[in-house]
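Good morning, and thank you for coming. I shall walk through one structure, moving from its aromatic rings to its surface patches and then to its charged side chains.

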Amino acid sequence: MLTFVTRSNWVLLAAITLLGLLAASPAFARGMVFGGLIVTINFHLLAKTLIKALRPRQLISPNVVLAKYYIRFTISGVIIFLLISQQVVNPIGLFIGLSVVVASITLATAVEFKKLYFKEAV
């Protein structure tokens, strides 16, 4: 499921990028792209941190995982603040871009639900 979500993050990011470039103003499209990149890269780094932290032979302290999370969170917040305060992006476009991972997780949940409850008769 993690692989599905990771791949669908990039696919959805590409889709909203194309949609934004074709149908929206440049600032709105930039917001979608930057928001999608921020959240997709954060998700990828979080997954990598958790996979590494939960290896049986090399368990890492939860404090290390939390510290890395808060560092990424702070850096993301600063980037978002700078993008909005310098008027590089449209805030609504940024919000849409930041929703890429949520959309990917929702899509993965729907696919798993379909697999579980709508199996074909064998």
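**Aromatic pairs**

There are four aromatic pairs by the rule used here, under which rings of Phe, Tyr and Trp (its six-membered ring) pair if their centres lie within 6.5 Å, with planes under 30 degrees apart counted as stacked, over 60 as edge-to-face and the rest as tilted. One of them is the stacked pair of tyrosine 69 and phenylalanine 73, at 6.2 Å centre to centre and 15° between the planes.

Before I go further, please note that this is a predicted model, in which local features need pLDDT of at least 70 and side-chain atom pairs count only at pLDDT 80 or more, while totals for chains, interfaces and linings use all residues. Residues are numbered from 1 along each chain as its sequence is written, and side-chain values use heavy atoms, with hydrogens and water left out.

Where do tyrosine 69 and phenylalanine 73 lie? Both are in helix α3, residues 62-85, four residues apart, which is about one turn of the helix. Helices here are DSSP runs (H or I, at least four residues; strands are E, at least two), numbered from the N terminus. For exposure, buried means under 20% relative accessible area, exposed over 50%, and partly exposed in between, with a 1.4 Å probe and protein chains only. Tyrosine 69 counts as partly exposed because its relative accessibility is 36%, and phenylalanine 73 counts as exposed because its value is 54%.

A tilted pair is formed by phenylalanine 113 and tyrosine 117, with 4.7 Å centre to centre and 45° between the planes. These two residues belong to helix α5 (residues 100-117), again four residues apart, about one turn of the helix. Phenylalanine 113, at 45% relative accessibility, is therefore partly exposed, and tyrosine 117, at 56%, is therefore exposed.

**Surface patches**

Patches are made of residues with over 30% relative accessible area and no salt bridge, joining like charges within 9 Å and nonpolar side chains (Val, Leu, Ile, Met, Phe, Trp, Tyr) within 5 Å. Accessible areas come from the Shrake-Rupley method with a 1.4 Å probe, and for residues only the protein chains shown count as cover.

Which residues form the nonpolar patch? They are Trp10, Phe34, Leu37, Ile41 and Leu45, with about 400 Å² of accessible area together. Helix α2 gives the most to this patch, with four residues. Tryptophan 10 lies in helix α1, residues 2-23, and counts as partly exposed because its relative accessible area is 40%.

Is valine 39 buried or exposed? This residue of helix α2 is buried, because its relative accessible area is 17%.

The surface also carries a patch of positive charge, where Lys48, Lys52, Arg55, Arg57 and Lys68 gather. Lysine 52 lies in helix α2, residues 26-53, and is partly exposed because its relative accessibility is 44%.

**A salt bridge**

The count comes to one salt bridge, meaning a side-chain nitrogen of Lys or Arg within 4 Å of a carboxyl oxygen of Asp or Glu. Glutamate 112 makes it with lysine 115, and their closest N and O atoms are 3.7 Å apart. Both partners lie in helix α5, three residues apart, about one turn of the helix. Glutamate 112 is partly exposed, because its relative accessible area is 29%.

Definitions and conventions
Lys and Arg count as positive and Asp and Glu as negative; His and the chain ends are not counted. The place of a charge is taken as NZ of Lys, CZ of Arg, CG of Asp or CD of Glu.
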